Amino acid sequence: MSLTIGVFDSGFGGLTVLRAILPRLEGKLAGTRCLYLGDTARLPYGSKSRETISRYAVSSVEFLQQQGADFLVIACNTASALALDDIRAASSVPVLGVIETGAAAVASISQTMSALVLGTAATIASHAYSSALSHLGLQATEKACPLLVPLVEEGWTDHPVTDEVVRIYLGEALASAKNAPDTLLLGCTHYPLLRQVFARHIPAGMKIVDSADATAARAAELLLPLLTASAPTVSSLTGVSLTAPSLDFYVTDSPTQFQQLGSRFLGRPIDDVTHVALPE
Ligand code: DGL
């Protein structure tokens, strides 16, 4: 038996989660597939209402299940924050979102039990991160940073304008912060690409948690026992060449644009991308 992992995002950003998952799976098994769906025709999700985000996300994960996904990773912070219950209700397979995993990663390192959370307007308005953190006994100061997604998509990850925007957002967030946050939680798929910029502007000693990385680690924790139990494993000791998961990319808008922009998020070239039309 092999496993098909479906990764869903509103667009390109979830490739940061796939990028973090792949090295954890590579060489561990034969025959695993990763499907990635970017709902590029309907992005951004971060400025939309809960009802719209939920409708889009549910139709997207239904597509991934039709393609054979038997484990779903909701890489999009906005969809995880606003639609995870609806997605789970519409899914017959296990679903992992980024909110609980990101919050758990913060809880494992924060000493002041206080975190600063940055995300899209919809994610922050949902207070999904602050309620996940509060379940773990932590306080959160939340800040919507709507300018950062377009800046990253413009390729301005190392640009004075982005540097200044991050400085202003962080300054405002820290000025209103409760209980000396010692951890910054990057609650949006695009923010890992700005990690160095955040690092320049946070107070000395503040740690950065990336929800993409935390989710990839959790996905690997859940999947690897299944894979080694069920798939024909390969090992460098046997002399059999190790197998990387096969990758299939689907988008709801231009495949060419996804190939160009997506390769920056994935950190490797993207060859084949299939266009799909999803029901409204
Ligand atoms: N993927 C979204 C998130 O992580 C950011 C892009 C969007 O707004 O659609 O919140």
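Hi everyone, let's start with the residues around the ligand: by class, this shell holds four nonpolar, seven polar and one charged residues. Here Ala, Val, Leu, Ile, Met, Phe, Trp, Tyr, Cys and Pro count as nonpolar, Asp, Glu, Lys and Arg as charged, and the others, Gly among them, as polar.

A quick word on the model: it is predicted, local features need pLDDT of at least 70, side-chain atom pairs count only at pLDDT 80 or more, and totals for chains, interfaces and linings use all residues. Residues are numbered from 1 along each chain as its sequence is written, and side-chain values use heavy atoms, with hydrogens and water left out.

So who is in the shell? Among the residues surrounding the ligand are D9, S10, Y45, G46, T78 and H190, where a residue counts as near if one of its heavy atoms lies within 4 Å.

Now some distances. An N or O atom in the side chain of D9 is 2.9 Å from a nitrogen atom of the ligand. From T78, a polar side-chain atom lies 2.6 Å from a ligand oxygen atom. G46 uses its backbone: a polar atom there is 2.8 Å from an oxygen atom of the ligand. For reference, a polar contact is a pair of N or O atoms within 3.5 Å.

How much of the ligand does the protein bury? Taken alone, the ligand exposes 290 Å², and the protein buries 98% of that, with areas from the Shrake-Rupley method and a 1.4 Å probe.

Finally, let's visit D272, in the loop between α11 (255-266) and β10 (273-275). Helices (H or I, at least four residues) and strands (E, at least two) are DSSP runs, numbered from the N terminus. D272 counts as exposed because its relative accessibility is 64%, and exposed means over 50% (1.4 Å probe, protein chains only).

Conventions: A polar contact is a pair of N or O atoms within 3.5 Å; within protein, one must be able to donate a hydrogen and the other to accept it, and residues adjacent in sequence count only if both atoms are side-chain atoms. Buried means under 20% relative accessible area, exposed over 50%, partly exposed in between (1.4 Å probe, protein chains only).
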